[in-house]
Amino acid sequence: MQRMSRTPSVLHFLARTLLGKQEQEQLSGIDFLDEGHGFDIFGLHPDWVKGMVAALQPLYKHWFRVTGHGTENIPARGPAILASNHSGMIPLDGTMIYSDVVLHTSPARVPRAVTDHFVPGLPVISTLYARCGTVGGSRGNVHALLDRGELLLIFPEGVPGIDKDFRDRYQLRPFRVGVAEMSIRHRAPVIPVAVIGAEEQFPVRLRLPLHTFGAPYVPLSPIPFPLPVHYHIHYGQPLHLYDGLSAADADDPVITAAAAARVQESVQALIEAGLKSRLGVFI
Amino acid sequence: MSAVLVTGATTAVGVAIVSRLLAEQRASEVLAVGAEPYEAVRSLFPHPGVIYLQADLSHPRELRNLLFSPVKQHRVETVIHTALHRSAHATGRRVHQLNVESTRELLRLCERVPTVSTFVLRSHAEIYRQSATEPELLDERHPIDLSVSAAQWQRDRAEVDLLTCASIGLSSLQIRVLRCADCLAPGTGSQLFDYLQSQLCFQPLGFDPMLNVISLEDLSRAFALAITATGSGVFNIPGKDTLPLSEVIRKWGRTRVPVPSALLSPLYWLRNRTIGTDFRYDLNRFRFHYSAVMNGSRAAEQLHYTPQVPIEWPAPGIDRG
């Protein structure tokens with residue numbers, strides 16, 4: 001006898017109370033590869049995605065007042081990579097991109113955020129992230145996702161991006177070449193993403209040198225909440241890094257380094273344009 | 001159609017393989033090898049095509065007699081080796097002899113029997129290393145757990161797999177190693193099955209990994225397909241069901257009790273001491289924290305195996321013991 005998976009009622013409650021009718025309709029069409037019990041192979045469950053987007057609504061809509069620009073640049077289907085700058089001490093930028101993409105793509109696409117290696121070892125967070133579509137940053141995982149035509153969300157700067165001092169805001173740390181390698185190998189377009197606002201959410205930061213569960217440090221701030229900065233998320237034109245190349249070229253370090261630099265330049269250009277066009281940090 | 005030798009034939013997996021080979025007419029006759037006397041296992045093999053042979057594979061002499069007498073006489077072409085000590089608590093030289101040395105010897109002897117051309121090993125998904133940094137989708141190149149702290153149950157399984165893999169290319173035999181997902185059925189040596197025998201299933205607090213489990217039907221079908229395939233290789237054999245541990249517990253009609261990870265070892269040690277079950281938390285610590293799902297694309301391409309039969313989850317109110 002087949003029994004359907006049971007999701008916590010709090011998720012349904014969150015979705016009912018925090019999402020409008022239009023958003024609920026949008027989220028009812030989440031596209032995912034069900035392995036037979038309501039979960040995909042990495043543990044994603046659409047009810048959890050819905051619950052997470054609903055739980056993030058107060059931040060997304062009211063606190064950060066997120067404005068997305070250019071979501072039409074995200075392909076409706078097929079493998080693709082969102083490559084974004086990373087900032088803000090804690091990964092709220094990732095959650096805002098996540099909500100923005102789920103709410104503004106048709107059919108709703110769940111960006112599969114690729115986290116650092118230590119995240120799958122974190123209790124509670126690892127499970128919550130997995131149910132919402134996040135995967136550990138191993139090569140095998142990302143290749144499997146692209147093979148399945150998924151949309152990846154990658155922060156090519158990694159932890160050094162989110163760990164920047166306030167004075168270094170909006171200056172990208174060197175991009176890792178993995179994003180270029182994956183794009184070439186899987187013929188997946190890269191959509192450069194610039195998040196404007198997150199750099200100012202925690203202007204004062206402290207790092208506790210604790211390596212609990214493998215984390216590089218524990219972030220702290222004397223400000224208990226992030227400042228209510230206005231988030232602008234800019235999605236650039238897709239970069240077809242694989243044009244004129246074969247999958248085997250993904251192994252060439254010169255080619256991948258050049259492609260990664262191209263992605264970094266595109267993100268930096270989007271950041272510059274985004275900073276010029278915004279009216280103020282909180283407006 | 002030729003004769004097939006199946007070791008470990010009196011286990012649930014062995015019986016399922018023997019029955020399927022004959023039912024699907026993939027073998028003219030099956031030489032079923034078990035440690036028990038025939039009278040004790042007669043009812044397991046009603047098909048007239050089964051020839052039961054009692055042998056203790058840990059004795060090299062008995063192994064030799066088996067290979068150079070009935071195997072030769074019945075012109076056996078394929079050997080399916082599933083015999084492994086199932087108890088997770090059994091340790092020592094004798095267990096190692098059955099698990100590892102008998103496999104080494106069996107492989108060596110099979111090469112010397114002119115009729116035998118194919119050797120199929122039942123290996124296990126549990127040999128794969130699992131950690132926060134490893135991919136969740138396991139292909140055949142995934143690292144094997146060779147840690148010195150691993151229990152003999154795990155080390156023996158890894159060694160059997162690797163020694164068989166090492167023979168691929170060195171041996172004249174066609175060797176196929178089937179790394180099978182956990183078979184959720186009694187008598188298969190499944191740690192997960194034993195875990196689910198308790199009404200209360202303790203789970204690491206804050207972790208709910210994805211698991212893949214296989215039914216006995218799919219497992220036996222994979223072996224039936226493996227004997228007719230060509231070439232050598234290693235194949236992951238996944239099951240139809242991929243779901244989180246919490247769902248496995250719920251579907252089995254058990255109560256899930258999240259407990260801080262540090263308390264699980266003593267709790268299951270206590271359970272073993274008081275109830276005497278075979279489940280060992282130390283063998284399952286990593287799989288209860290980190291997701292591990294078999295990637296079966298190689299088996300799909302080369303063996304034409306794709307999982308079809310899901311686990312028959314117990315109906316509500318019916319105990320599955």
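Q: How many residues of chain B are in contact with chain A?
A: Contact means heavy atoms within 4.5 Å. Here, 26 residues of chain B touch 28 residues of chain A. A quick note: this is a predicted model, where local features need pLDDT of at least 70, side-chain atom pairs count only at pLDDT 80 or more, and totals for chains, interfaces and linings use all residues. Residues are numbered from 1 along each chain as its sequence is written, chains are lettered from A and ligands numbered from 1 in the order written, and side-chain values use heavy atoms, leaving out hydrogens and water.

Q: What area do chain B and chain A bury between them?
A: Interface size is often given as the accessible area lost when the parts come together. With a 1.4 Å probe and both parts summed, chain B and chain A bury about 2300 Å², 54% of it on carbon and sulfur atoms. On the chain B side, E136(B), L137(B) and R250(B) supply 24% of the buried area, more than any other three residues.

Q: Which side chains meet in a salt bridge?
A: Look for a side-chain nitrogen of Lys or Arg within 4 Å of a carboxyl oxygen of Asp or Glu. The count between these chains is one: D208(B) with R131(A), at 3.1 Å, N to O.

Q: How many residues does the largest nonpolar core have?
A: Nonpolar side chains tend to be buried together in soluble globular proteins. A core joins buried (under 20% relative accessible area, 1.4 Å probe, protein chains only) Ala, Val, Leu, Ile, Met, Phe, Trp, Tyr and Cys residues through side-chain atoms within 4.5 Å. The largest one has 45 residues, and I80(B) is one of those with the most contacts inside it.

Methods:
Buried area = accessible area lost by both parts, 1.4 Å probe. Buried < 20%, exposed > 50% of the residue type's maximum accessible area, 1.4 Å probe, protein only.
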